Amino acid sequence: MKAGDMTEEQHFKQEVLRLAGPEVLTCIQCGTCSASCPTAHLMNPSIRKLVKLCLEGGKEEALHNETLWLCTSCLLCTVRCPRGIRPKAVVSALKDIAEREGERGKDASYEEFFLKQIKDYGRINELPLTAEFLLVYPEAAVQSMQMGLELLPRGKMAINVDRIKGQDEVRRIVQELRR
Amino acid sequence: MKLAYYPGCVSQSTGKEMDLSTRAVCAALGIELVDLPDWNCCGATHVSNEMVAAGLAARNMAQTDLPIMTPCSICYSNLRSAILRLEEPEFREKLNAVLDRKYSGAVIRHALDVILESLAKKDERIVLPLREMKVASYYGCLLTRPAGQYSPQFPTILEELIRRLEAEPVELRHKTACCGGPIFMPQEKAADDIAFAILSEAKEAGADAIVTVCPLCHLMLDAKQKTLEQKKGLKIGIPVLYVTQLVGIALGLGPEELGLMMNSVSPMGMVERAYERMAEQV
């Protein structure tokens, strides 16, 4: 590692700690988080390794992997961690950093489109959200069609786009707090 | 009892029957609901920045002085998590500078908890006891995690409710396991496998129905059930009911009031059997 990279790596670690909490520093690498994770078998690096990477400043490896996007937010890691760390919050922090730094894979795009719905309407409208996602990830078309065929005849797809009155306030929340 | 009602975004789309049945059951039990004014999305599981998520939750919580009830476990978990986050004075101050109405604390309740509380043991409003019906209690993740009022891994409130309706609870090993829902769009295969594990366990256990407390769990187990059957080559055919639908059936409410026609796997056969059984016993 070059001396010049050090500051960026350290900055990265500080940013993770700011978002996920300073208790991340107390991780003992016991692996309870990985053992609790419903998608652990698909992850590489594991969630335990991800925490280690954050603490050691392994920014590139920590930010660019499939693991982040396999987290289902089930929070089992978080209620089980013997050190009171919130491993899911570490994943969320990494996703947020990756997205702010311009990550635009299919999973990050889905989150961006989701947030865009919130900024534009204050609520989620599944139809435009899905349409936008299909443009970047056409592979999801079959699944979306299947869902549409289930939901549409049962009247469970909103056609009208809801927009709330406090939309400016919502946009302000996103802009002011997402730093 | 008067509560502010936060239906969440899915109440307008994939979770319409959740919304309908919540309103119907609360009306039948004398629980007065006032729609939360101008509510916004809670961020679900897709807003990774926790400050933003807490901000979205706080705006909702600042719209009323009443306790807030939601039938959606995702909304419930997010609002409760935000309350913890907002205990940090510095963050609260920063957020209140952005909000129109200031946040000053809130009480968040899940519809399940409110309903159970208002149903007495041997409640005479239960006109259709669900005797001999085996109901799998599926909690999913977010009713009990991270900051819920129940055990995060071994809750029993759903079983308690099922017994109060005189049905027989079926406890799944997967009862607090994830449904895979939050990643089903970009990570279809992983989500499918997770959801199928729950369905096949319920099938093995001989459940007549699965009860859920979250619209995303419901989507994965009900709307996707047929697709999962085809992919995995195993017939499941188990109706998946929102807890409010199950309670509504026992209260004698009609299929339209409870949105029973909106479920992908029809619960009508199960409801008819319950009525037949009652007729036999009279």
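A: In helix 3 of chain A, residues 47-55, the buried positions are A:Ile47, A:Arg48, A:Leu50, A:Val51, A:Leu53 and A:Cys54. "Buried" here is a neighbour count: 20 or more other C-beta atoms (placed from the backbone) within 10 Å of the residue's own, with 12 or fewer called exposed and anything in between partly exposed. Helices are DSSP runs of H or I with at least four residues, strands are E runs of at least two, and both are numbered from the N terminus. After helix 3 of chain A comes A:Gly57, with a positive phi near 75°.

Keep in mind that this is a predicted model, where local features need pLDDT of at least 70 and side-chain atom pairs count only at 80 or more, while totals for chains, interfaces and linings use all residues. Residues are numbered from 1 along each chain as its sequence is written, and chains are lettered from A and ligands numbered from 1 in the order in which they are written.

Now zoom out to the chain that carries this helix. Chain A has 11 helices and zero strands, and its C-alpha trace spans about 55 × 35 × 30 Å along the principal axes. Of its 179 residues, 41% are buried. Take the contacts in chain A between residues at least 6 apart in sequence: 63% of them join residues at least 24 apart. A contact means that two C-beta atoms, placed from the backbone, lie within 7 Å.

Next, the partner chain. 53 residues of chain A are in contact with 44 residues of chain B. On the chain A side, helix 5 (67-70), helix 6 (76-80), helix 7 (87-100), helix 8 (106-121), helix 9 (126-136), helix 10 (141-151) and helix 11 (167-177) each supply at least two residues. Sorted by class, that side of chain A has 26 nonpolar, 10 polar and 17 charged residues. The nonpolar set is Ala, Val, Leu, Ile, Met, Phe, Trp, Tyr, Cys and Pro; Asp, Glu, Lys and Arg are charged; the others, Gly among them, are polar.

Over in chain B, strand 7 (residues 209-212) is covered on both faces, with B:Ala209 and B:Val211 buried on one side and B:Ile210 and B:Thr212 buried on the other. Strand 7 of chain B runs parallel to strand 5 (residues 134-137) of chain B, joined by three bridges. Strands pair if DSSP finds at least two bridges between them.
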